[in-house]
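Here's a quick tour of a protein model, written for someone who likes to see the cut-offs spelled out. Have a look at the structure first, then read on.

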Amino acid sequence: MTKTKTAIVYYSSGGTNYQLAQWAAEAAEAAGSEVRLMKVAETAPQAAIDSSPGWKAHAEATKDVPVATGEDLEWADAIIFSVPTRFGNVPGQIQSFIDTLGGLWFQGKLANKAVSAMSSAQNPHGGQEATILSLYTTMYHWGAIVAAPGFTDAVTFAAGGNPYGTSVTVGQDGKIADDEAAIKAAVAHQAGRTVKVGTALKSMNA
């Protein structure tokens, strides 16, 4: 059987979810998967980006990261999302991307894929869990199989205890405020588990 294919899709204005996505990509590759790491298209006005030095710097630093398309999700056996919270929901950029996938959903091409999600917010109870659950609601409509980490490894507890997906708190300096080593380990476990589920589904669908 060919390698399991994993699409890692993120949105990040400051770099946190890009970092989480990079860790997930490393872990998925270590688990034997072929990986595509991609950002969603930016929909904010350039003036808004330019008004924030951190946002502008991150946009420039990641300008060469490929932009995700529906074809990337069709290609994948497993999909991992990493997104910040916006009032307990996903950012508009992520929603805009999801809204382009109706044709694939209608054709059943997003069904039976393993999916998982990670999130961030500026305080410990800023909507991380709600954001992940919001994403999973869409995945249920796709007929995808949610591969949440649950409490299947002690690293989940060390990283804050979110069973829905790894989530972090971001300080006012824009940096992850949690134990970075614990977060990286939790991301690695989540990504490895998602690849495993994706491999099983790939075999089932063969």
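## Ground rules

Contact here means heavy atoms within 4.5 Å. By that rule, methionine 139 touches Phe81, Val115, Ala144 and Val146, leaving aside residues up to four places away in sequence.

This is a predicted model, in which local features need pLDDT of at least 70 and side-chain atom pairs count only at pLDDT 80 or more, while totals for chains, interfaces and linings use all residues. Residues are numbered from 1 along each chain as its sequence is written, and side-chain values use heavy atoms, with hydrogens and water left out.

## The domain

A UniProt record, an unreviewed entry, puts the feature "domain: Flavodoxin-like" at residues 6–195; its positions are given in the numbering used here, feature names are shortened, and annotations may be inferred rather than shown by experiment. Over that stretch the chain is 43% helix and 16% strand, with the end C-alpha atoms 7 Å apart. Helices (H or I, at least four residues) and strands (E, at least two) are DSSP runs, numbered from the N terminus.

## Nonpolar cores

A nonpolar core is a set of buried Ala, Val, Leu, Ile, Met, Phe, Trp, Tyr and Cys residues joined through side-chain atoms within 4.5 Å. Buried means under 20% relative accessible area, exposed means over 50%, and partly exposed is in between (1.4 Å probe, protein chains only). The largest core has 31 residues, and Val9, Leu73, Phe81, Ile94, Leu135, Met139 and Trp142 touch the most other members. Two or more residues each come from E1, helix H4 (70–75), strand E3 (78–84), helix H5 (92–98), E4 and H7. H7 gives the most, five residues.

There's also a second, separate core of 23 residues, with Ile8, Tyr10, Ile80 and Ile183 among them.

## Pockets and a cavity

The search runs on a 1 Å grid over the protein atoms alone: a cavity is a set of points where a 1.4 Å probe fits but cannot get out, a pocket is an open set with protein on both sides within 12 Å along at least five of seven lines, and lining residues have an atom within 4 Å of a point. Grid points are joined across faces, edges and corners, and a volume is the space filled by probe spheres set on the points. For residue classes, Ala, Val, Leu, Ile, Met, Phe, Trp, Tyr, Cys and Pro count as nonpolar, Asp, Glu, Lys and Arg as charged, and the others, Gly among them, as polar.

The largest pocket holds about 470 Å³. Its lining has 21 residues, with Ser13, Gly14, Arg86, Gln122 and Val170 nearest the centre, and it splits into five nonpolar, 14 polar and two charged. The second largest pocket comes in at about 220 Å³. Of its 13 lining residues, Pro124, Gln128, Glu129, Gly160 and Ser167 sit nearest the centre. Helix H7 (128–142) and strand E6 (167–169) each give two or more residues to that lining.

## Two residues up close

Threonine 4 lies in the segment before strand E1 (5–10). It counts as buried because its relative accessible area is 6%. Its contacts beyond four places in sequence include Ser33, Asp77 and Lys202.

Alanine 200, in helix H9 (residues 180–205), is partly exposed at 47% relative accessibility.
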